Amino acid sequence: MTTTQSSEYEPLIESTNPFYDEVANKPAESKRVRSYSTRIFLFFTVLLLVIGVAVYELIPRQPLQASPSSLTPPSGGKYNWLRAEATHQHSAHVPKSWAEKEECDEEHPFILTLALKQQNTEALHEHVAAVSHPRNKATFHKYWAADDVRSYFKPSDEAIAAVTAWLKENDFTTDNGKIDMVSKFGNVLRVSLTCGQANKLLNTKYMFYENVQNGNRHLRVKDGVYNVPDVVHEHIDFVSPTIRFPLQHHTLTVQTMDKKTVDFLKSHTKDGLRQYYNLDKDGNKKKKDDGEEGETNEDSSNIIPNIPSKLYELYDMTESVETILGDNDLTSMDSSTCRQSIASFIEQYYSDEDISLFWEDLDVYPESEMQRVPVSQPEGYGSEAELDTQYITSTGKGIYTYVYYIDSDDIFVSLAEAILDTEVPPLVVSISYGADEYELGETWVTRCNEEFGKLALIGTTVLASSGDSGVRGNDDDCYFGEFSSIFEEEEEEKEDKKRGRKLLKSISKGSGSSKSSSSSSSDEYQFVASFPASAPYVTAVGGTEGGTIQDDVADSTGETAWLYSGGGFSIYFPAPEWQSNAISSYLNNADIELPDSSRYEATGRAYPDISAQSVDYVIAYDSAFYLVSGTSASSPTVAGMISMINYARISAGKSSLGFLNPALYSLYDEDQSYYFNDIVEGYNIGCEVDDDIGFYAAEGYDPLTGVGTPKFSRLYQALLAMD
């Protein structure tokens with residue numbers, strides 16, 4: 001409406017206008033009467049339009065969706081629908097490795113998982129800090145019983161009643177066998193239904209997606225949009241499968257080994273390992289320039305692969321492990337409460353014959369007792385499962401080992417439930433899988449981090465590989481566009497508080513704040529973090545390569561950062577206070593060139609926390625030997641080390657280490673080079689527009705190798721003494 005039109009209508013609504021009486025008292029000509037009537041008609045027409053718009057905005061209605069015509073509304077329209085996980089800014093994103101296919105047949109059956117919102121999560125950080133930070137002397141390592149943890153954080157009775165009532169209205173009950181309560185605490189519900197029923201229940205449309213690399217199929221909602229009634233919206237964290245795609249295991253390469261090389265490795269002595277021979281492609285030792293056998297060749301691609309005995313020597317484990325094990329026999333180790341575990345997903349199973357072959361041929365003794373959870377978990381030849389089981393039982397040898405297989409789409413929530421449900425729970429769990437953090441969404445990663453925090457309360461250390469794509473993520477290059485992060489979205493923080501979430505304490509604004517940008521332009525690339533490595537209650541393990549076995553533990557191994565080691569900063573989790581000194585030292589290091597500050601969130605939780613070798617691990621696979629590379633090797637290697645220290649602590653009448661990071665960084669702050677091999681060379685792969693360079697390694701902490709690789713003998717003594 002123009003200014004002229006606005007003034008024309010003023011006499012109709014403002015009787016104080018000085019010209020009003022004059023106009024109103026003039027003789028009424030027919031033309032003027034029609035003009036006056038027209039004005040009245042137009043006025044009321046506009047008024048009705050304004051009222052209509054206001055009413056439309058106030059009445060609850062279905063959320064706007066990408067393809068509303070494709071959705072099947074519930075019969076009768078009895079619900080007011082709200083979009084679930086509405087803060088997920090990238091729910092419609094489909095990774096390059098996946099392609100949308102056909103709509104799911106209405107009769108196709110599957111299991112739907114509902115993660116109900118938990119109580120008291122705002123107090124989680126305080127409770128975790130109480131049992132895991134060395135400064136809290138009165139409560140340090142004073143852990144909770146598993147059922148006490150579950151009871152304290154269980155959903156409210158109101159939440160359970162509301163959700164089960166909604167499900168009952170749709171003919172899903174425990175009585176008819178269509179609902180399975182995973183535990184008596186009601187944290188997770190599983191519903192047996194068909195795609196047609198799920199479409200109606202969530203006011204959505206289920207589609208099949210296919211992995212373009214291996215042909216695997218996955219069920220997901222179209223455009224990443226699903227809805228729940230307003231009466232249950234506040235009681236549900238997430239439903240799955242809905243938005244997310246399956247995890248990827250962090251094994252970058254798998255290569256066959258020729259028999260000559262394998263035979264050479266089998267016969268290699270510990271003294272021989274110290275010579276650190278290079279091998280040619282036929283397994284022959286390469287020659288020095290003077291014709292003698294030795295180690296002058298600078299090409300590290302053919303350096304002797306990683307086997308258990310080499311890792312023991314490289315990280316100064318041999319004598320300490322002998323001291324820890326002492327004269328203990330296998331019976332006493334099996335009966336110990338010191339237990340460890342690995343998590344498996346996506347049809348990754350291990351072979352009993354392969355792990356026995358590995359132990360026998362590569363001299364791993366004592367052997368660990370293995371237990372599959374659930375017991376129905378089959379044997380198989382998954383390279384990831386083979387790697388994880390063989391190396392956690394190498395550095396954590398003799399330790400009773402669980403292998404948890406999770407086939408539910410809620411993944412880490414189910415993993416935590418399985419661990420909490422174990423009669424003698426593991427004190428260490430290693431995870432060699434992950435996904436791009438931004439694809440998972442803030443609500444989902446927050447709930448998973450809460451689950452890791454619950455495990456911290458029972459004294460379990462959770463470790464995860466940092467990823468095999470540097471800062472690029474799983475789509476071959478950095479993310480092009482703008483991320484929505486907790487550091488930019490004030491409204492998300494308000495919603496977080498409303499939901500009863502408590503963000504971890506951030507580092508001070510002075511720590512590296514000049515290096516970070518508060519917002520990023522849509523025409524710039526963004527670094528991609530990997531989850532669960534980016535979770536604050538996880539100890540993330542990065543990758544290194546090369547290095548030399550030293551006679552004196554005081555000397556550094558001289559390893560370099562692995563090019564593909566995942567590392568960077570979270571967009572969802574602020575940096576915890578125990579990491580503030582480490583991050584600040586890196587961001588304010590004048591000797592390194594930092595990436596463009598718009599690429600990453602400098603106030604986010606940085607990862608990894610620690611590192612280990614990640615290249616050319618020898619594994620037994622389908623009765624043969626192979627070389628594998630990836631941070632999926634680093635994580636179980638470090639996990640086994642933590643198990644050995646736990647065994648020493650329990651043998652001494654002490655508690656397990658539990659959530660490791662506060663203690664780890666306290667040792668870093670005390671004297672990094674004493675406890676860790678500082679990694680000062682190399683960088684991880686970055687965006688193509690940045691010449692493929694992400695973060696550089698540096699003196700002290702860096703976000704690609706963490707605090708460095710362990711000097712086990714010293715780390716063991718320090719962590720054993722902590723009370």
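This report walks through the fold, a helix pair, the aromatic pairs and a few residues of a predicted model.

## Ground rules

The model is predicted, so local features need pLDDT of at least 70 and side-chain atom pairs count only at pLDDT 80 or more, whereas totals for chains, interfaces and linings use all residues. Residues are numbered from 1 along each chain as its sequence is written, and side-chain values use heavy atoms, with hydrogens and water left out.

## The overall picture

The protein has 23 helices and 31 strands. Both are DSSP runs numbered from the N terminus: helices are H or I with at least four residues, strands are E with at least two. Of the 723 residues, 57% count as buried; that label means under 20% relative accessible area, with exposed being over 50% and partly exposed in between (1.4 Å probe, protein chains only).

Contacts here mean heavy atoms within 4.5 Å. Take those between residues at least 6 apart in sequence, and 82% of them join residues at least 24 apart.

## Helices α12 and α23

Two packed helices are described by the angle between their axes and the distance between the axes. For helix α12 (residues 318-325) and helix α23 (residues 712-721), the axes come within 8 Å and cross at roughly 40 degrees. As for the terms, axes are lines fitted to C-alpha atoms, for helices over the stretch in contact, with angles from 0 to 180 degrees between N-to-C directions; under 35 degrees is roughly parallel, over 145 roughly antiparallel, 65 to 115 roughly perpendicular, and the rest oblique.

On the α12 side, the contact is made by S320, V321, T323 and I324, and on the α23 side by F712, S713 and Y716. Sorted by type, the residues of this contact give 4 nonpolar, 3 polar and no charged. (Ala, Val, Leu, Ile, Met, Phe, Trp, Tyr, Cys and Pro count as nonpolar, Asp, Glu, Lys and Arg as charged, and the others, Gly among them, as polar.)

Helix α23 also holds L715, which counts as buried because its relative accessibility is 4%. Leaving aside neighbours within four places in sequence, L715 is in contact with I645, L667, Y675, F676 and P710. Of these, F676 is 39 residues away from L715 in sequence, with the C-alpha atoms 7.9 Å apart.

## Aromatic pairs

A pair of aromatic rings is described by the distance of the centres and the angle of the planes. The rule: rings of Phe, Tyr and Trp (its six-membered ring) pair if their centres lie within 6.5 Å, and planes under 30 degrees apart are stacked, over 60 edge-to-face, and the rest tilted. By this rule there are 40 aromatic pairs. In one of them, W98 and F245 have ring centres 5.4 Å apart and planes at 35 degrees, so the pair is tilted. W98 sits in strand β2 (residues 98-103) and F245 in the loop between β9 (236-240) and β10 (248-249), so this pair bridges 147 residues of chain. Both W98 and F245 are buried.

F110 and Y206 form another tilted pair, at 5.2 Å centre to centre and 55 degrees between the planes. F110 is buried at 11% relative accessible area, and Y206 is buried at 0%. Elsewhere, ring pairs link F238, F345, F412, Y433, W444, F452, F531 and F573 into a cluster.

## Polar contacts of buried residues

Strand β6 also contains Y209, buried at 1% relative accessibility. Its side chain has a polar contact of 2.9 Å with the side chain of E100 and one of 3.5 Å with that of R220. (A polar contact is a pair of N or O atoms within 3.5 Å; within protein, one must be able to donate a hydrogen and the other to accept it, and residues adjacent in sequence count only if both atoms are side-chain atoms.) Y209 and E103 are 106 residues apart in sequence, and their C-alpha atoms are 9.2 Å apart.

Over in strand β15 (residues 428-431) is S430, buried with a relative accessible area of 0%. The side chains of S430 and S635 make a polar contact of 2.9 Å. Beyond four places in sequence, the contacts of S430 include S341, I342, A343, I392 and L463.
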